[in-house]
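Thanks for coming. I'll keep this short, and please have the structure open while I talk.

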Amino acid sequence: MFYQSQRMKLRCVRIVKKSRTNDIVICEDLNTSARNLYTLLAIKEHQTVKTYLEVFEQAHLTAQDSYIDSFSDQGAFCMVFAYQQERPLKDFYMGESYTLAECENVCISVIMACITSNLPYPVLYLILEQGQLHLAKDHTVCLGHQIDLEELDPARTERDCVVQCASILRDLLRPKSSQKAFSYRLLEKKIARKSYRKLTELYKDIRITAAPGKKKGIRKRIAGWFRRNQDGMFRFLLYLCAVLAFFVIVSLLTQLIVGDIPWLRLFFNGFETIGTETLTR
């Protein structure tokens with residue numbers, strides 16, 4: 001499946017989801033040698049297209065601000081966004097093993113991703129509501145665009161976004177609620193009072209109440225290193241097992257065919273015979 005605009009030729013790599021209103025497709029651009037990946041929203045429902053364009057127009061946002069390209073193809077209106085590697089925050093966040101300072105740093109990264117997103121608030125609200133927050137290996141948070149537009153509400157405002165964001169941060173800090181987590185306590189009080197109206201207010205509260213960073217002990221630093229590099233270690237062990245399996249198979253075939261495994265002589269009586277002389281006689 002291909003999608004064609006004036007400057008992009010997008011080939012479907014993977015279909016993430018199909019819904020009544022839009023399809024979510026991961027594509028690569030065949031017009032560039034880099035073959036970068038993109039997230040494409042193919043909006044099929046006419047009213048949704050109209051609403052979606054209106055929220056961008058009302059926010060005075062263009063392709064230079066928040067998306068890469070937009071065009072009509074195959075009976076759908078397509079919006080192209082940069083692809084974000086799928087590492088959902090809810091799956092990769094390990095609040096129990098993080099320190100309070102690390103948890104608060106992740107929270108600050110969530111808020112900064114929202115503030116700097118350059119997205120209309122109705123779209124940002126859907127991203128937050130549908131869990132399109134992704135945790136990079138360096139603990140920074142990025143927004144994904146794999147969203148179902150069926151629930152798009154143009155009446156959503158910054159206040160709706162900040163309330164949703166505050167609830168997410170409270171859940172991230174909940175594992176540290178038994179500690180002196182002033183940020184968690186303040187969030188609890190302000191969420192109950194419905195005090196938040198702007199994302200900058202939320203950012204200031206977390207920044208001011210954040211615990212000072214402490215130097216980790218050697219055990220925690222080693223454990224943190226293993227957590228950060230566990231994917232690479234797993235790949236290394238996988239390759240090592242594949243190499244060992246190859247040698248086992250070759251050795252078995254050699255034993256069956258010639259009745260001997262020549263390379264094992266390096267380890268067993270390797271110097272028993274040198275030239276025409278036998279040393280063991």
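**Aromatic pairs and the sheet beside them**

Searching the whole structure turns up four aromatic pairs. I'll take one of them, Tyr67 with Phe81. The two ring centres are 6.4 Å apart and the planes stand at 65°, so this pair counts as edge-to-face. The cut-off for that label is a plane angle over 60 degrees. Where in the chain do Tyr67 and Phe81 come from? Tyr67 is in the loop between helix 1 and strand 5, while Phe81 belongs to strand 6, so to speak a link between distant parts of the chain, 14 residues apart. Are these two residues buried or exposed? Tyr67 and Phe81 are both buried. They also belong to one aromatic cluster, together with Tyr52 and Phe56.

Before going further, a caution: this is a predicted model.

As a reminder, strands of a sheet pair through backbone hydrogen bonds, in either a parallel or an antiparallel sense.

Look at the end of the sheet with strand 5. Its pairing with strand 6, residues 76-82, is antiparallel and runs over five bridges.

The charged end of Lys9 sits over the ring of Phe2, at 5.3 Å from the ring centre. Arg156 lies over the face of Tyr125, and there the distance to the ring centre is 4.1 Å.

Last, the whole protein. How many helices and strands does it have? There are nine helices and ten strands. The protein has 281 residues, and 38% of them count as buried. Taking contacts between residues at least 6 apart in sequence, 60% join residues at least 24 apart. The accessible surface is about 17200 Å², with 56% of it belonging to carbon and sulfur atoms.

That's what I have.

How values were computed. Residues are numbered from 1 along each chain as its sequence is written. This is a predicted model: local features need pLDDT of at least 70, side-chain atom pairs count only at pLDDT 80 or more; totals for chains, interfaces and linings use all residues. Side-chain values use heavy atoms; hydrogens and water are left out. Two strands pair if DSSP finds at least two bridges between them. Helices (H or I, at least four residues) and strands (E, at least two) are DSSP runs, numbered from the N terminus. Buried means under 20% relative accessible area, exposed over 50%, partly exposed in between (1.4 Å probe, protein chains only). Contact means heavy atoms within 4.5 Å. Accessible areas come from the Shrake-Rupley method with a 1.4 Å probe; for residues, only the protein chains shown count as cover. Rings of Phe, Tyr and Trp (its six-membered ring) pair if their centres lie within 6.5 Å; planes under 30 degrees apart count as stacked, over 60 as edge-to-face and the rest as tilted. A charge sits over a ring if NZ of Lys or CZ of Arg is within 6 Å of the ring centre and within 35 degrees of the ring normal.
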